[in-house]
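Subject: Structure handover

Hello,

Here is the structure I promised to pass on. Please look through it first, then read my notes below.

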Amino acid sequence: MSEIKTAAIIGGGVIGGGWAARFLLNGWDVVVSDPDPEAERKVGEVLANARRSLPALSDVSVPKEGRLSFAASLAEAVADADWIQESAPERLDIKHKVFADIQSHCRADALIGSSTSGFKPSELQQGAARPEQIFVAHPFNPVYLLPVIELVGVEATLLRARDVLDGIGMKPLIVRKEIDAHIADRFLEAVWREALWLIKDGIATTQEIDDVIRFGFGMRWAQMGLFETYRIAGGEAGMRHFIAQFGPCLSWPWTKLMDVPELTDELTDMIAGQSDAQSGMHSIRELERIRDDNLVAMMRALKGRNWGAGELLNAQDARIKPPLPTTIDQPFTTLSRVIPIDWMDYNGHMNESRYGQVFSDAGDVVMQMVGADPDYIAGGLSYFTVSNEIGYLSETHLGDVIHVRTQVLEARGKKLRLYHEMIRTGDDELLATCNQLLLHVSLETRRTCEPEGEVLAKITALGEAQSKLPKPASMRD
Ligand SMILES: NC(=O)C1=CN([C@@H]2O[C@H](COP(=O)(O)OP(=O)(O)OC[C@H]3O[C@@H](n4cnc5c(N)ncnc54)[C@H](O)[C@@H]3O)[C@@H](O)[C@H]2O)C=CC1
Ligand SMILES: C[N+](C)(C)CC(=O)CC(=O)[O-]
């Protein structure tokens, strides 16, 4: 991972606030510069939403949050920054002025990304002191949750930028050629334009348009995109049949794509009125939280499938995962993580089934420590859990950071008995305990058997190292 550690965010609105959260929650220090006197409050509110959602995407402990500060001037913000992200309003004159100011005060090796939705790098670089330093780094809202970033600019700069973005869990996509609105916004503009016509012509309301997306093709797009989806829609003959069947429709009057309805006051009122009726019962911050909870739940579901955005999240977990414990003569930490949204139940706390998940994951770490890893399991030997005696001692809530301390009560031959304590990190409250018995098995006969080779040696050493330890206090109580 890159050594870069300070990000300057120029413009702390919707997108700048999201960038600040993404960097901070990945351990970077962040300095914000924004002339708006309300900027600190606004960034704080975006950050509060990010804190309850981004860490919940991870199944391992997340980096310690960086330090957030607000600079008195742009010069002060960028002076020591390794990455500078311009997120000022979408106006070229403002952006040119901001870049001139940035380049007069920043390091020559700093990376300067622009969040612009539509300007090309050649437009942004006009009149710049060091044009190659400025590139498009176009994110998607909310920046702290959605991974993709479109990068456009000079290749050498983009390759450096890509390393940094990989390190903060993003999915950088280098765009081959500069083009107005890059890749994604060309799409979104086309869809938006069509939707505006449907409303103007009285065919559909904002609610109905959103429903055809969220109950239909929107869910498909989140996991397969356009082309893979259409390949399947072509049936057994795939994409060729799809094109043969639906290609001719492109020249039928199915779309109005090239025309834009005039955004008259009347049309704007109609759209805004429908939108108020649809969603006005929620504040924007509430809508953001609903959106974030849904995104986290969907992305966590994709994690379980190791697919699309979920595959990226698993790779990021593997990158930041702590090494296996090496000190075996004392109880050790087998797991550390944040409690995610999809583990909550109707009582507003972590559901009982998830404690089983936590203790199962902790047991897996002990298996890995003794060498019962995927290779060993592929060789036909493993451990089965035969009992879990769980004590639920205190409530566990959304966003709690917890860790599990594991003591080995018995490790001999086929038997591995572990005692786990699940503790809230921070106030050290004991939340749950688990007395867990695992037996070594043959995956061929499905019966117990002695461990083999290195696993036998390690399990014996582990058992002996902890055999003289007193019982955990929570077990004696
Ligand atoms: N809102 C969105 O969905 C997305 C926006 N973007 C891009 O991000 C950029 C920012 O857009 P938003 O955050 O939506 O706008 P915004 O209006 O929420 O925020 C812009 C911020 O820039 C500040 N600002 C104005 N002049 C400034 C200056 N000279 N120096 C520093 N800050 C200044 C404003 O006070 C404001 O806080 C635009 O280029 C936009 O195209 C990119 C992806 C999505
Ligand atoms: C509407 N928009 C052009 C600002 C959208 C984007 O640039 C990306 C997004 O988050 O949809």
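Helices (H or I, at least four residues) and strands (E, at least two) are DSSP runs, numbered from the N terminus. This is a predicted model, where local features need pLDDT of at least 70, side-chain atom pairs count only at pLDDT 80 or more, and totals for chains, interfaces and linings use all residues. Residues are numbered from 1 along each chain as its sequence is written, chains are lettered from A and ligands numbered from 1 in the order in which they are written, and side-chain values use heavy atoms, with hydrogens and water left out.

**Annotated regions**

UniProt, in an unreviewed entry, puts "domain: 3-hydroxyacyl-CoA dehydrogenase C-terminal" at residues 183–247. UniProt positions follow the numbering used here, feature names are shortened, and annotations may be inferred rather than shown by experiment. That stretch is 80% helix and 0% strand. Its end C-alpha atoms are 22 Å apart.

The unreviewed entry also has a "binding site" annotation, which covers Gly-11, Gly-12, Gly-13, Val-14, Ile-15 and Gly-16. Gly-11 sits in the loop between β1 (6–10) and α1 (14–24). Gly-16 is in helix α1. Gly-11 is buried, at 9% relative accessibility (buried is under 20% relative accessible area, exposed over 50%, partly exposed in between; 1.4 Å probe, protein chains only). Gly-16 is buried too, at 1%. Leaving out residues up to four places away in sequence, Gly-11 touches Gly-16, Ser-33, Asp-34 and Ser-87 (contact means heavy atoms within 4.5 Å). On that basis, Gly-16 touches Ile-9, Gly-11 and Ser-87.

**Salt bridges**

Side chains of opposite charge can pair when their charged atoms come close. The structure holds 27 salt bridges (a side-chain nitrogen of Lys or Arg within 4 Å of a carboxyl oxygen of Asp or Glu).

Asp-59 pairs with Lys-303, with the closest N and O atoms 2.7 Å apart. Asp-59 lies in the loop between α2 and β3 and Lys-303 in helix α12 (residues 284–304), so the pair ties together parts 244 residues apart in sequence. Asp-59 is partly exposed, at 29%. Lys-303 is buried, at 6%.

Glu-65 and Arg-51 form another salt bridge, at 2.9 Å between the closest N and O atoms. Glu-65 is in the loop between α2 (39–53) and β3 (68–70), and Arg-51 is in helix α2.

Glu-410 and Lys-415 also meet in a salt bridge (3.8 Å, N to O). Shared partners join Asp-59, Arg-300, Lys-303, Asp-317, Arg-337 and Asp-342 into one network of salt bridges.

Best wishes
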